[in-house]
Amino acid sequence: VVAFVRNQQRLEEVLYDEEDLVLGNLLDNEKKRGPKLTVVVGDVVARTDLYKGTFETKEETEELNEWVARAQDFFRFKGWNSNRNSTSYIQSLQDQDQIEEDVRIMEAGDEALHEAVSGATIIISCLSSLRFSNLWTDYLKVPFLRVFRQDASKWCADGTHPYYINYLSTKKILEVAEREQLKRDAYNEFERERLLLEEQMERGRKLLMNGNDDDAEEEGFESEIAAGLRKKRGSRQRQLHLVAGENAVDLPKNGLTPSSTDRIKFIRVSHSNVGRNPFRIGSIVNNVFRSSVTRFELLGEQLLEKSRLIDTIILRPGEVTDIERDSNFTSLQLCIDGDVPSPNLGLVGRDDIADLAVVAALTKTSLDDELSFSSTSNATDVIKQAKSTARPHHYTWSLRWTGEGSKTTALCFVKAIKNEMKLSRIRKMKEKKLMQYHLGSQLLSLRAWMRRTRPHALSVALTVYVSLIAAAWYFFGSTILEFALRARKHNLLQRFFPL
């Protein structure tokens with residue numbers, strides 16, 4: 001388990017505040033076998049991502065130039081041949097494109113991120129930003145109406161802006177995960193070809209061998225029984241591994257754990273404001289005073305939904321609280337449409353959000369059959385499974401506390417998965433029926449566009465600029481009217497602007 005954190009102090013507060021629970025478990029786990037926690041401290045927002053951001057500050061550039069000058073003087077004193085260019089030797093060993101990519105990754109500070117995501121099967125992102133709006137830089141400064149611009153890196157130099165934390169960081173992690181998935185797909189394709197080739201070679205050996213038919217039949221019968229027992233034993237061990245040793249979170253009893261051949265799963269913890277109407281009072285206040293955080297969170301979610309390589313699950317909790325839920329009186333409600341019914345300002349505990357993310361991470365959610373590359377697998381079956389692989393799924397769930405719901409997160413998860421599968425079948429049937437009509441594809445595209453469109457920027461712009469105009473009229477309206485009447489009385493407009 002690799003934890004990529006931006007704040008070391010915050011990590012220590014989360015791990016070591018509850019000494020009786022967390023610290024005790026950590027001490028006990030030192031003697032147990034299992035996954036170890038590796039902490040990587042870094043930042044997904046580099047200085048080169050910011051507006052007018054550079055890899056080096058002015059002081060660092062001056063210090064580096066001074067060091068290079070001293071190094072040149074030293075080598076010149078030692079008889080170093082200044083005409084000898086070492087760049088040609090580097091270019092002879094590596095490709096120029098690869099060098100530029102490595103330099104870009106190094107300057108962007110993404111080495112730690114690449115290392116953390118490399119080889120990952122599950123990614124859980126909880127990045128968020130708490131930045132209050134600046135009236136001058138966010139709304140009034142030139143270029144005017146910058147609130148409508150999607151790319152805030154062209155004018156905002158604040159690394160805590162939601163554009164960098166909620167949108168750009170999600171884009172970075174998604175790009176790294178998709179590149180990792182392409183490598184995994186290439187490896188899986190290689191394994192399928194290897195199995196097919198081994199099966200063809202085995203069939204050729206059997207055709208060339210002229211042994212006893214009874215012995216061959218008995219050997220084939222015994223190998224078939226052994227393969228069935230190994231398959232059954234492996235599934236039983238895997239099922240026990242799913243539920244054993246998990247004292248903190250109850251997992252589904254009939255669930256399967258993800259394997260290394262599954263698609264990468266990206267779980268993003270968002271907020272229920274994303275699914276609400278942007279013209280509601282709560283959404284307007286949240287966007288106006290918090291730098292349009294809902295808008296950039298929505299843009300990040302849309303990136304995940306457009307991915308064609310990895311599975312994504314978006315969790316939209318309500319108002320988060322540290323209070324523990326009493327399962328005897330309070331239940332957990334999970335809606336698969338991304339928006340809980342009104343009133344949707346319900347509370348939800350951090351523990352429930354974490355439990356649901358863990359259940360979704362440790363339980364297989366892909367709709368396709370799992371590909372197995374064991375020695376007992378039939379190559380023909382593996383090829384058929386690969387061809388029937390379904391597209392990546394994209395789920396958006398919202399959750400809150402309520403009086404009627406499920407007692408545990410595992411029950412919520414199982415119910416949500418069943419509803420998603422049922423809804424997917426109904427949606428495919430409706431789309432297939434609609435495609436039979438004229439302009440059916442255009443209608444489907446229009447529905448998808450209307451479902452994705454959320455005019456957060458328009459709601460913020462109307463609120464801010466109408467309020468500024470009203471305030472200006474309140475303080476300076478009488479002066480403007482008086483000046484206009486005097487100008488009309490003395491015909492000042494005709495004097496200064498004759499027609």
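Modeller: Helix 14 (residues 409-434) lies across strand 7 and strand 9. Its direction is about 140 degrees to strand 9. This is a predicted model.

The 5 strands form an open sheet in the order 3-4-5-9-7. Their pairing is mixed. Strand 3 (122-125) and strand 7 (331-335) are the edge strands, each pairing on one side only. From one strand to the next, the twist averages 20 degrees.

Look inside the sheet at one pair. Strand 4 (residues 265-269) runs parallel to strand 5 (residues 311-317), and 5 bridges join the two. Ile267 stands opposite Ile313 of strand 5.

One helix pair also deserves a look. Helix 8 (residues 162-208) and helix 11 (residues 293-305) have axes that come within 8 Å and cross at roughly 10 degrees. Angles under 35 degrees count as roughly parallel, so helix 8 is roughly parallel to helix 11. Helix 8 brings Pro162, Tyr163, Asn166, Tyr167, Thr170, Lys171 and Leu174 to the contact. Helix 11 answers with Val293, Phe296, Glu297, Leu299, Gly300, Leu303 and Leu304. The residues of this contact divide into 9 nonpolar, 3 polar and 2 charged.

Conventions. Residues numbered from 1 in each chain as written. Predicted model: local features only at pLDDT ≥ 70, side-chain atom pairs only at ≥ 80, totals over all residues. Heavy atoms only, no water. Axes fitted to C-alpha atoms, helices over the stretch in contact; angles between N-to-C directions. Helix = DSSP H or I, 4+ residues; strand = E, 2+ residues; numbered from the N terminus. Parallel < 35°, antiparallel > 145°, perpendicular 65-115°, else oblique. Contact = heavy atoms within 4.5 Å. Nonpolar A, V, L, I, M, F, W, Y, C, P; charged D, E, K, R; others polar. Pairing = 2+ DSSP bridges.
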